Amino acid sequence: MRVEEGQLKLFLVDSGLVKEDAIKRVEAKAKQTGKKFEEVLLNEGLVSQEDLIRLKAYILGIPFINLEKEIVPKEVLEIIPEPIARAHNIVAFRKKGKDLEVAMLDPEDLQTIEFIKKKSNLRILPRLTTPESIKNVLAQYRKTLGAEFAELIKKEAEGVKTKQIKEETTEKEELEKIAQEIPVIKIVDSLLKHAVLDRASDIHIEPMEKEVLVRYRIDGVLRDAMTLPKQVAPGIVARIKVLSNLKLDEHRLPQDGRFKFETNGDKYSVRVSILPVLNGEKVVMRLLAEEAKGYSLEELGLRGKALEDIQTALRRPTGMILVCGPTGSGKTTTLYSMIEILNTPEVNISTIEDPIEYRMPRVNQTQVRPDIGLTFANGLRALLRQDPDIIMVGEIRDNETAALAVNAALTGHLVLSTLHTNNAAGAIPRLIDMKVEPFLIASTLNVILAQRLVRRLCEGKKEYHLNESQIEQISKYCDLKRVENILKEEGILKKKGTIKDVTFFEPKPTKACPEGYKGRIGIFEVLPVTESIKKLITQNATSDAIQERALKEGMITMVEDGFVKAAQGITTIEEVLRVIME
């Protein structure tokens, strides 16, 4: 029960999913890069993963099932034990009489099907599905975080309670002992596992006067996950310090570290920050998926003229591309997506980052280490001696890095970097503040992109139209006439229509989507550095004057881009205003 590569190619062409010349191009790239044909096919975006699996199911004569939004009854789910389901990517989802339908990724895994058949005494009907479907069903096995912790804390209370530090042992030895205790290890493991299942980007462990509060940042918003008894706090902090290789007996100074962990076959890198606070030590852990797949610019949310301006800048062999926005606005993800487009065998790409968030094949990535003198500036100097074509600088933080980055762009390199500014036009005065000469900025800067992240609406959303008071409120943040014109150009609004005629949406919470939002998308403004903008830069113009000129030349602001996405039903006006006002 295996689809041969040659057979798959024939069916791809016959079904009209991929053209023959594209198949040949993929074959050549697979041979050149040493990757599998299917991997290159998916990376190139020529066919979706679901369409590919549907085609395989058709060839094998096995029905295809999509379970990405399916809630499986508990009694059916548990017919296959969780360890077997996770290890073999196979889940039960429907039972009728003596028939059990199971969804799987590997149709060749006949041994597991036989095992389930013997264990359940049912007739097994295999179905082919997607990895996302399997992930959705596997997530339904888990206990609630509260139930899992109630058990762990009960064991802690019954057995190994957090001990008082004894006179005959040092504090460090005692903390090391606590950190190795089974309940403490399980508590930290569960916090990490549930954070991954909830798609959290950060875990906050905050000591209060009488308890410990655990919060997850999900889709950019902090949510209370649970509270823990005060007595487990020293053990949890000690365990995290042991994992991060930090000083166990240091409670007065902040400490930073990192560690790695694996769950459900996915590898994560965790950045740890420990800070002394009034009631103990606060821990923040940032979760970074090591095998994260890069997004296309369209998937990030870029469209229309903004997308064209970025693509034009990426085709230029020299110059500078800047991505701007506050912390957590997705700047690094955008940079990595650009690097992925530029990452071809003909170029040498080098990066200097703090930290390295995603690993990219064929890209030379260097981690900043200020403790040993490897700063952004020193690292960038070294990179320039490595014969690079493209350089990515994680962030321009100081005058020295700014000067080096601009000089690198001036001497025949394409430089990509980020800046902390609120909008695109604000990047130019910020560089001038960093003592970069205006004429150098004008001659090197290709494009500036500013962005924020808004939450995506789930499918079950409610429609509404703006009333007078809402229109009055919104008009404080944007020019409604411009918004109306943009919506007309997009075909969302009729020629004689007004903002009142536009259908907007609000979240509708469901069991599968408790808050009505899932995932995030970017809202952008892209400022191409045209001849007229260059002239303004050399004249030391203000960011307002540059912004005004860019708007006349067709730039769409972040708010306006957000309004288009709200009118398309991707997000809500409240989300757009929330992130703009932050």
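Guide: We take strands, then aromatic rings.

Guide: This is a predicted model: local features need pLDDT of at least 70, side-chain atom pairs count only at pLDDT 80 or more, and totals for chains, interfaces and linings use all residues. Residues are numbered from 1 along each chain as its sequence is written, and side-chain values use heavy atoms, without hydrogens and water.

Visitor: Which way do the side chains of strand β13 point?

Guide: In a regular strand, side chains alternate between the two faces of the sheet. In β13 (residues 390-393), Ile390 and Met392 point one way. Ile391 and Val393 point the other way, and all are buried. Buried means under 20% relative accessible area (1.4 Å probe, protein chains only). Strands here are DSSP runs (E, at least two residues), and helices are runs of H or I, at least four residues, numbered from the N terminus.

Visitor: In which sense do β13 and strand β14 pair?

Guide: Pairing needs at least two DSSP bridges between two strands. β13 and β14 (residues 414-419) pair in the parallel sense over 4 bridges. Methionine 392 stands opposite leucine 416 in β14.

Visitor: How many aromatic pairs does a search of the whole structure find?

Guide: A ring pair is described by the distance of the centres and the angle of the planes. Rings of Phe, Tyr and Trp (its six-membered ring) pair if their centres lie within 6.5 Å; planes under 30 degrees apart are stacked, over 60 edge-to-face, the rest tilted. The search finds 4 pairs. In one of them, the rings of tyrosine 336 and tyrosine 358 have centres 5.0 Å apart and planes at 70 degrees, so the pair is edge-to-face. Tyrosine 336 is buried, at 4% relative accessible area.

Technical notes. Buried means under 20% relative accessible area, exposed over 50%, partly exposed in between (1.4 Å probe, protein chains only).
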